[in-house]
Amino acid sequence: MSGDITKQDLYEGVKTLIETDALHIHLTQQKLFTLFSVGFQYLLFESTRNPGAYIIRVEDGYLADKLAKKSKDPSTRKFMQSLLMPRKLKYEKSVFYLDYFHLGSWNMTSEIPKEKIKAALIVKNTSTKPMMEIDVENDADSTFIDTIKNADYLKMLMSFVPRTITIAFEENFEGTTPVNFAFIKKEKEKTVSGVTINADLEWDD
């Protein structure tokens with residue numbers, strides 16, 4: 001697929017995560033699908049040497065579908081496509097689970113014995129309007145709204161999951177350590193008629 005991450009960059013990205021001592025990592029750069037490929041391949045690697053349960057928690061089903069189609073390596077795309085429907089998939093001696101920020105989707109993951117959960121990958125959309133499938137302002141479930149606003153979708157995992165990797169652009173999460181990759185270049189800016197714009201404005205890669 002055109003625009004896929006190179007094998008060398010993918011290797012270096014996973015290696016960086018392996019060598020990072022922080023338990024709760026925040027990937028802050030703007031390349032959502034590139035970062036997801038790196039984060040997912042790290043989880044896949046860890047699952048082979050430390051078998052257990054691995055959680056992928058994304059903002060909503062819309063984003064999960066985009067990740068399955070637009071992640072930047074074929075292995076990640078194929079795995080996500082297989083995970084979408086059952087939201088539970090066995091890989092060698094480990095099991096991967098998919099859920100969303102809405103706590104109503106946590107039925108499977110909430111039943112996993114906490115001691116079996118090894119890591120979680122959390123992915124927030126770069127869109128400024130969260131939860132594209134649900135009108136948050138008109139949602140009668142205040143618990144759901146609070147879960148999003150308070151970042152409980154992450155905090156609850158951080159309270160018992162040994163390692164979390166969160167992908168979220170222009171966000172700050174207490175207790176996380178930012179990690180950047182050198183192969184992802186900062187966007188160049190240029191000025192047109194007094195207005196500064198990004199030359200490579202590709203929030204979705």
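## A first walk through the model

Asp99 counts as buried, at 0% relative accessibility. Here buried means a relative accessible area under 20%, exposed means over 50%, and partly exposed covers what lies in between (1.4 Å probe, protein chains only). Welcome to a predicted model, in which local features need pLDDT of at least 70 and side-chain atom pairs count only at pLDDT 80 or more, while totals for chains, interfaces and linings use all residues. Residues are numbered from 1 along each chain as its sequence is written, and side-chain values use heavy atoms, with hydrogens and water left out.

### The whole chain

The protein chain has 205 residues, and 48% of them are buried. Its secondary structure comes to six helices and nine strands, taken as DSSP runs (helices are H or I with at least four residues, strands are E with at least two) and numbered from the N terminus. Looking at contacts between residues at least 6 apart in sequence, 74% join residues at least 24 apart; contact here means heavy atoms within 4.5 Å.

### Salt bridges

How many salt bridges does a search of the whole structure find? The search finds six, counting a side-chain nitrogen of Lys or Arg within 4 Å of a carboxyl oxygen of Asp or Glu. Among them are the pairs in this table.

| Residues | N to O distance |
|---|---|
| Glu19 and Lys15 | 2.9 Å |
| Asp65 and Lys69 | 3.1 Å |
| Asp99 and Arg57 | 2.8 Å |

Like Asp99, which is buried, Arg57 counts as buried, with a relative accessibility of 3%.

The other two pairs in the table each stay inside one helix. Glu19 and Lys15 are four residues apart in helix 1 (residues 7–19), a separation of about one helical turn. Lys15 is partly exposed, at 30% relative accessibility. Asp65 and Lys69 share helix 3 (residues 61–70), where four residues, about one turn of the helix, lie between their positions. Asp65 is partly exposed at 31% relative accessible area, whereas Lys69 is exposed at 52%.

### Helix 3 beside helix 4

Two packed helices are described by the angle between their axes and the distance between the axes. The axis of helix 3 comes within 7 Å of that of helix 4 (residues 74–84), and the two cross at roughly 145°. These axes are lines fitted to C-alpha atoms, for helices over the stretch in contact, with angles that run from 0 to 180 degrees between N-to-C directions. The crossing of helix 3 and helix 4 is left-handed, a word used when the near helix is turned anticlockwise from the far one by less than a right angle.

Which residues meet here? Helix 3 brings Ala64, Asp65, Leu67, Ala68, Lys69 and Lys70, and helix 4 brings Arg77, Met80, Gln81 and Leu84. The residues of this contact divide into five nonpolar, one polar and four charged. In this grouping Ala, Val, Leu, Ile, Met, Phe, Trp, Tyr, Cys and Pro are nonpolar, Asp, Glu, Lys and Arg are charged, and the others, Gly among them, are polar.

Arg77 is buried, with a relative accessible area of 11%. Leaving aside residues up to four places away in sequence, Arg77 touches Met1, Asp4, Leu67, Ala68, Lys69, Lys70, Ser71 and Lys72.

### Aromatic rings

The structure holds nine aromatic pairs. In one of them, Phe36 and Phe40 are stacked, at 6.1 Å centre to centre and 20° between the planes. Rings of Phe, Tyr and Trp (its six-membered ring) pair if their centres lie within 6.5 Å; planes under 30 degrees apart are stacked, over 60 edge-to-face, and the rest tilted. Phe36 and Phe40 are four residues apart in helix 2 (residues 32–49), about one turn of the helix, and both are buried.

Tyr54 and Phe96 form a stacked pair too, with 5.5 Å centre to centre and 20° between the planes. Tyr54 belongs to strand 2 and Phe96 to strand 4, so this pair ties together parts that are 42 residues apart in sequence. Are Tyr54 and Phe96 buried or exposed? Both are buried. Ring pairs link Phe36, Phe40, Tyr54, Phe79, Tyr91 and Phe96 into a cluster.

Finally, Phe101 is found in the loop between strand 4 and strand 5 (117–123). Phe101 is buried, at 1% relative accessible area. Its C-alpha atom is 8.8 Å from that of Lys124, 23 residues away along the chain.
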